[in-house]
Amino acid sequence: MNNYRNDIDIPPQLPLLAVRDVVIFTDMILPLFIGRDISVAAVEAAQEKDKLVIIAAQKDQAKDDLAPGDIHQVGTVAMIMRQLRLPDGRLKVLVQGLAKARILAVISRDPYFRVNVEVLGERPNPEPSIELEAMMRNVREQSQKILSLKEVLSDEVVSILEHIDDPGRLADLVTSNLRVKVDLAQKVLETVDPLERLRLVNDFLGQELKVTTMQAKLDSEAREEMDKSQREYYLREQLRAIKRELGEENVRDDEIAEYRDKIKKVRLPKEVSSEAFKQLARMEWTHPDAAESSLIRTYLDWILDLPWSNSTRDHLDLIEAKKVLDADHYNLEKVKDRILEYLAVRKLYKKQKGPIICFVGPPGVGKTSLGQSIARAMGRKFVRFSLGGMRDEAEIRGHRRTYIGALPGRIIQGLKTAGSNNPVFMLDEVDKIGADFRGDPASALLEVLDPEQNNAFSDHYLNLPFDLSRVMFITTANLLDPIPQALEDRMEVIQLSGYTAEEKVEIAKRHLIPRLVTNHGLSEERLNFTDAALKKIITSYTQEAGLRGLDKKLAAICRKAARRVAEGKPGPYRITPASLPKYLGPPEILPEPERAEGQIGVATGLAWTEFGGELMYIEVRTMPGKGNLTLTGQLGEVMKESAQAAVAYARSRAVDLGLCPDFYEDLDIHIHVPAGAVPKEGPSAGVSLMAALISALTERPVPKDVAMTGEITLRGQIMPIGGLKEKSLAALRAGIKKVIIPRQNLKDLEDIPPQIRHRMEFIDVDDIDQFLKIVFGPDKPVIRRKAARRIRPAAPRSRRMPPKTRRGPEATA
């Protein structure tokens, strides 16, 4: 059966009218507003002929300049029943859908689209069944519920729905009256099977009913809330009138007057003062019991409590500042010089902006305490907070006042706590900032730590510019790598390396022991340490770049001494190397000479970690095999590649190194770095891998008193490394005073304190041959032959070898 009226003859060519947000169905009467020139021309052409057009929905509703591919291929042939030209040039037409049709081809595009069409027939209605009846009844009931919730249900619509027995017409009618989305309506239009079309509409109605029910519930709640607010407003006005009659409204007036006086007295910037008076005016017209009144009061309190113009005067006496820094910290001359330079420039140029300094070093070297000393030396307030684990950008910029419980960011909070606009502001653990869906705090810090931008820092809560250019920001980090490059560029990085044993002894005597003795209720007369005991604690009970482990051991001794005093044994107690086991137990760290002797296949490398420098032993063993290379010890990709490069270099220079040219064919090489549970990575283990490998292959030991660091290339060059100071301190702590370094690292020796440099011997090399001569001596080793093996004579040229014997050297052994 066809779905159009038989009394109307539809020609094969019709003008095309593209519409944006509606799909026309058969028997549907709908007004349309026509504005585009191409659409107006199509309507006028239809009016001149038979008043028939094909109406199709366009795929992109926002597109004006249409191509044939931008219009759906299935539309509805419609008759223009009425036409009215509006004053703005648009046309208002009333159309009635007649039949579904498919666009076969576009004949012309100017001045309108003229297309060939094919009328689409509809499949016959299915035989009556229980499923069909249930589906039609469900569609009717859900349609009525939805229309009822939308308050557009009428008796006429109910009557029409009840008297339609055709499933296809029912689906079309429901779809057109509920104004569904264009994509779904187009899908219904293109479906020619009546039962399938009804099923499609039934599935949509189930979801639409849920949405409409929830929407009606929300509307009802909003209406109830509005009625409640209006009632509360009316009651408050009555209460205000009663208070006015009783003379109790003066309290509010006094509060407003107090805020107005504070705003006038505090020296606020012009923009801030204007905003404060604006918020005060809002507060004056807001009821005291309203939630907004409390928000405005809190906002005004923050504005008035911030140090917009309060600052402390810098102590610009360089000699006195140096005394303070020297009293608080031993050594660290580079940091002290940088602070004194800033004070000198500040003394000569008052408008100098605050620097942004980043202290990078292992834990326990005094990064945080340095900030406190700097603040004391300059006479400034000190503020500190940790960035470690911070993931919310609002911690830096603050929350917007639209949120309940909103507060300014930690920067503004710190300035309020300091009470001055030029404190020393320390941001700890800048290398441990996180990021998630709430934003990236590191990106928010870019504005805070940029001297060219932070003179107008805008916190989300205040929404007012605050000048941070006078603040001296100091950040701390254990590693530079996790810090984003853009953030690192804004900071002046100062490296803080570990301390030598002698420096630790001095720091313990000057700072740690007096503080711990006092904190444990003791005195230096009752408890004292010898220098030898302190050095023994440092070398045998701690192994670190900083001082935290030493502080813990000293605290343990103080606790035991305090217990004895509390038990009635007043002392005095003198801590010597011989008495340490009674307080701390047996030594936890064995001296390196007792633990590491010169051995074949073992080399001492130097590694850099976030906790300072460390020794790293490389072990190599060879065994009969088939030329396999095994790497163990949780080596990273870079160290694996260094090991492979060392083996490749040894194979390429086998004869020069005193090895059999094909030594690798019947040997397996195993390279291991102890402490297998600890991952190891870094581009500085190449020379130690090479030394251990050559030692194992030539059976000559590597000297135990030599440590080495450097990266190798396949050409035999030795590349520079980083962290030379930390590695040198690690070697010195282990009693190793001879270190082999790349020649390009000679410039880094300036960073090593002279007292350390003079106690150590640094040997620079730039190629592997020179390096091996230094490690093993200038004598050429005796060539190590392979193990005795039987070699089959070569087969005659005319005789082919069996396939099983043509494998390689290992097959003929």
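Contact here means heavy atoms within 4.5 Å. The model is predicted.

**Exercise 1.** Determine how helix α17 and helix α19 are oriented to each other, and describe the residues of their contact.

*Solution.* Step 1: the axes of α17 (residues 501-519) and α19 (residues 548-566) come within 11 Å, crossing at roughly 45°. Step 3: the crossing of α17 past α19 is right-handed. Step 4: from α17, Lys504, Ala508, Leu512, Ile513, Arg515, Leu516 and Val517 meet Leu550, Asp551, Leu554, Ala555 and Cys558 of α19. Step 5: sorted by class, the residues of this contact comprise nine nonpolar, three charged and no polar.

**Exercise 2.** Identify the residues with the most contacts inside the largest nonpolar core, and the element that gives the most to it.

*Solution.* Step 1: the largest nonpolar core has 56 residues, and Phe359, Ile374, Leu527 and Leu554 have the most contacts inside it. Step 2: α19 gives the most to this core, contributing nine residues. Step 3: beyond its neighbours within four places in sequence, Phe359 contacts residues including Val335, Leu370, Ile374 and Leu496. Step 4: a second, separate core has 50 residues, among them Val272, Val383, Tyr461 and Leu468.

**Exercise 3.** Decide whether Arg140 is buried or exposed.

*Solution.* Step 1: Arg140 is located in helix α2 (residues 130-149). Step 2: the cut-off for buried is under 20% relative accessible area; Arg140, at 9% relative accessibility, therefore counts as buried. Step 3: apart from residues up to four places away in sequence, Arg140 touches Leu161, Glu162, Ile164, Asp165 and Leu170.

Terms used: Residues are numbered from 1 along each chain as its sequence is written. This is a predicted model: local features need pLDDT of at least 70, side-chain atom pairs count only at pLDDT 80 or more; totals for chains, interfaces and linings use all residues. Side-chain values use heavy atoms; hydrogens and water are left out. Axes are lines fitted to C-alpha atoms, for helices over the stretch in contact, and angles run from 0 to 180 degrees between N-to-C directions. Helices (H or I, at least four residues) and strands (E, at least two) are DSSP runs, numbered from the N terminus. Angles under 35 degrees count as roughly parallel, over 145 as roughly antiparallel, 65 to 115 as roughly perpendicular and the rest as oblique. A crossing is left-handed if the near helix is turned anticlockwise from the far one by less than a right angle, and right-handed if clockwise. Ala, Val, Leu, Ile, Met, Phe, Trp, Tyr, Cys and Pro count as nonpolar, Asp, Glu, Lys and Arg as charged, and the others, Gly among them, as polar. A nonpolar core is a set of buried Ala, Val, Leu, Ile, Met, Phe, Trp, Tyr and Cys residues joined through side-chain atoms within 4.5 Å. Buried means under 20% relative accessible area, exposed over 50%, partly exposed in between (1.4 Å probe, protein chains only).
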